[in-house]
Every structure is written in structure tokens, then in C-alpha cells.
Amino acid sequence: MIFIAALLTIISGKRTALISIILCGFLPPLLEKDDKRGKKKTGTMVFLMIVCIMLVYVSEYLSKSINITIIERMQSLQEDGGSGRTTTYALVWDAFKSSNIVKQVIGHGYNAVYLDKISISSAHNDFLEVLYDYGAIGLLFYVLLLFNFIFEAVKLRKTQCESFAAVTASILIYITLSCVSHLIIYPTYNVFLLFIISMGFSEYEKNQKNSVGGEATK
């Protein structure tokens with residue numbers, strides 16, 4: 001699954017998606033605790049390293065045979081400013097600073113970055129998007145939401161829930177897209193990611209109830 005997803009990402013040439021796939025492939029196994037039998041995740045990490053080596057060779061082959069330019073695009077991040085993202089960030093920030101105090105606190109309204117013609121689509125950074133659209137109050141709630149996700153993932157790790165890896169991967173995608181793309185203005189992204197995160201929360205609550213029920217029986 002990781003190999004196929006990364007391969008499709010390389011073909012699409014999407015740098016943000018490739019970064020997300022790499023994070024989701026490596027960090028969850030590294031963060032997971034050893035299982036109850038004491039087995040370490042060495043096998044998983046070796047497998048992921050093999051997948052990465054394969055992807056390097058595949059990407060080189062695709063680059064030469066059908067002119068896939070993902071490697072060149074990764075190398076040009078500093079030159080193109082993330083496809084003009086740094087310029088967009090500056091425009092949104094300047095527009096926010098020039099707003100009156102009321103709009104800085106409560107925002108300009110949904111999708112205002114686009115409607116106010118500051119950008120042709122969005123701020124390409126959800127933190128700036130939320131700050132401009134919903135003000136400092138909205139940004140505070142958004143940051144608290146992300147911290148709540150992380151806090152819940154930590155609980156899943158401590159209780160060795162099976163959904164930990166999937167939930168952690170979803171949170172990593174959520175934060176990555178929030179930093180360098182636009183997730184919050186598209187409900188479909190949130191629906192899929194929050195569905196997986198909710199499954200993890202549900203497993204944790206179920207395990208807690210079973211644990212309390214088992215102790216009560218004893």
C-alpha cells in the first residue's frame with residue numbers, strides 16, 4: 001500500500017503528497033511501542049527501507065522513460081518558493097495585518113482569502129487561512145483541535161491500540177497539509193481523515209470500558 005501510494009504520488013509530481021507518504025510510512029512504526037510479546041519493529045523498518053530503495057530506482061526509471069519530474073521539483077523547492085507559496089503567505093499575512101482589530105479577532109468570513117482576491121484559491125496554509133477567515137479566536141480553536149488529536153494519539157500509544165498507526169498517519173497528513181496546502185476549505189478531506197481518527201478514539205473508549213468491566217467482575 002505504501003509503495004503503491006508513493007508510486008502514484010511520484011507519477012503525479014505532487015511534492016506535498018510525497019512528503020506526507022514518507023512521514024506516514026516511517027513515523028508511526030517508529031513511535032509504536034513493542035507488542036505484548038516484546039517483539040521490536042525492526043522487521044517493519046527494514047521493509048520500509050527496502051520500499052524506499054525501490055522507490056528511488058523506480059523514480060529514476062520513470063524520470064528517464066516518461067519524463068516524471070518529481071525529483072527535479074523537490075530540488076527546486078527553494079528556487080520556486082514552493083510553487084509561489086511563500087509569496088502567497090506574505091500577501092495573506094500583510095492583508096491580515098492591514099485589517100481592523102475586529103476582523104483580526106473574529107475574521108473576515110469563510111473562504112475570505114479567495115473571496116477578497118488575495119489568492120486565486122487559498123492561503124495554501126491552513127493556519128494563515130484560519131487566521132484570516134476566522135481571526136485569532138478561530139486560530140486558537142484550530143490549534144487546540146490539532147493538540148487534541150495529538151493528545152488522543154498518545155493515549156492510543158500508551159494503551160497499545162491497534163489503530164494507533166492509522167490514526168497517527170492521519171494526523172500527520174492533517175498537519176502536513178495544514179502547513180503547506182489547503183485542507184480546511186475542502187470538507188471531503190476532513191471527512192476521511194476524521195473518520196479514521198474517530199475510529200481510534202472509539203477503540204480507546206471501548207478498551208477502557210472493557211478494562212473497567214473486567215476489574216469490576218474480578
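Tutor: A residue is called buried when its relative accessible area is under 20%, exposed when over 50%, and partly exposed in between (1.4 Å probe, protein chains only). The model discussed here is predicted: local features need pLDDT of at least 70, side-chain atom pairs count only at pLDDT 80 or more, and totals for chains, interfaces and linings use all residues. Residues are numbered from 1 along each chain as its sequence is written, and side-chain values use heavy atoms, leaving out hydrogens and water.

Student: Which residues of α9 are buried?

Tutor: They are F164, V167, T168, A169, S170, I171, L172, Y174, T176, L177 and S178. In the protein chain as a whole, buried residues make up 37% of the 218 residues.

Student: Why is Y174 called buried?

Tutor: Its relative accessible area is 2%, and the limit is under 20%; Y174 therefore counts as buried. Y174 lies in helix α9, residues 164-180; helices here are DSSP runs of H or I with at least four residues, strands are runs of E with at least two, and both are numbered from the N terminus.

Student: Which residues does Y174 touch, beyond those up to four places away in sequence?

Tutor: Contact means heavy atoms within 4.5 Å, and on that basis Y174 touches Y142, L145, L146, F149, L183, N190, L193 and L194. L193 is 19 residues from Y174 along the chain, with the two C-alpha atoms separated by 7.3 Å.

Student: How do you know that the span of α9 agrees with its number of residues?

Tutor: The expected span is 1.5 Å times one less than the number of residues. For the 17 residues of α9 this gives 24 Å, and the end C-alpha atoms are 24 Å apart, so the two agree.

Student: What makes E129 a buried residue, and what does its side chain approach?

Tutor: E129, in helix α8, has 1% relative accessibility and therefore counts as buried. A polar atom of its side chain lies 2.8 Å from the backbone nitrogen of A123.

Student: Why is K97 called partly exposed?

Tutor: K97 has 47% relative accessibility, so it counts as partly exposed. D94 has 42% and falls in that class too.

Student: What makes K97 and D94 a salt bridge?

Tutor: The term requires a side-chain nitrogen of Lys or Arg within 4 Å of a carboxyl oxygen of Asp or Glu. The closest N and O atoms of K97 and D94 are 3.9 Å apart, and the pair forms a salt bridge. Both residues lie in helix α5 (residues 77-97), 3 residues apart, about one turn of the helix. An α-helix has 3.6 residues a turn, so residues three or four places apart point the same way.

Student: How many salt bridges does a search of the whole structure find?

Tutor: The search finds 2. K155 also forms one with E152, where the closest N and O atoms are 3.2 Å apart. K155 and E152 both lie in helix α8, 3 residues apart, and both are buried.

Student: How do you know that I137 is partly exposed?

Tutor: I137, found in helix α8, has a relative accessible area of 41%, and therefore it is partly exposed.

Terms used
Polar contact = N/O pair within 3.5 Å; in protein donor to acceptor, adjacent residues only side chain to side chain.
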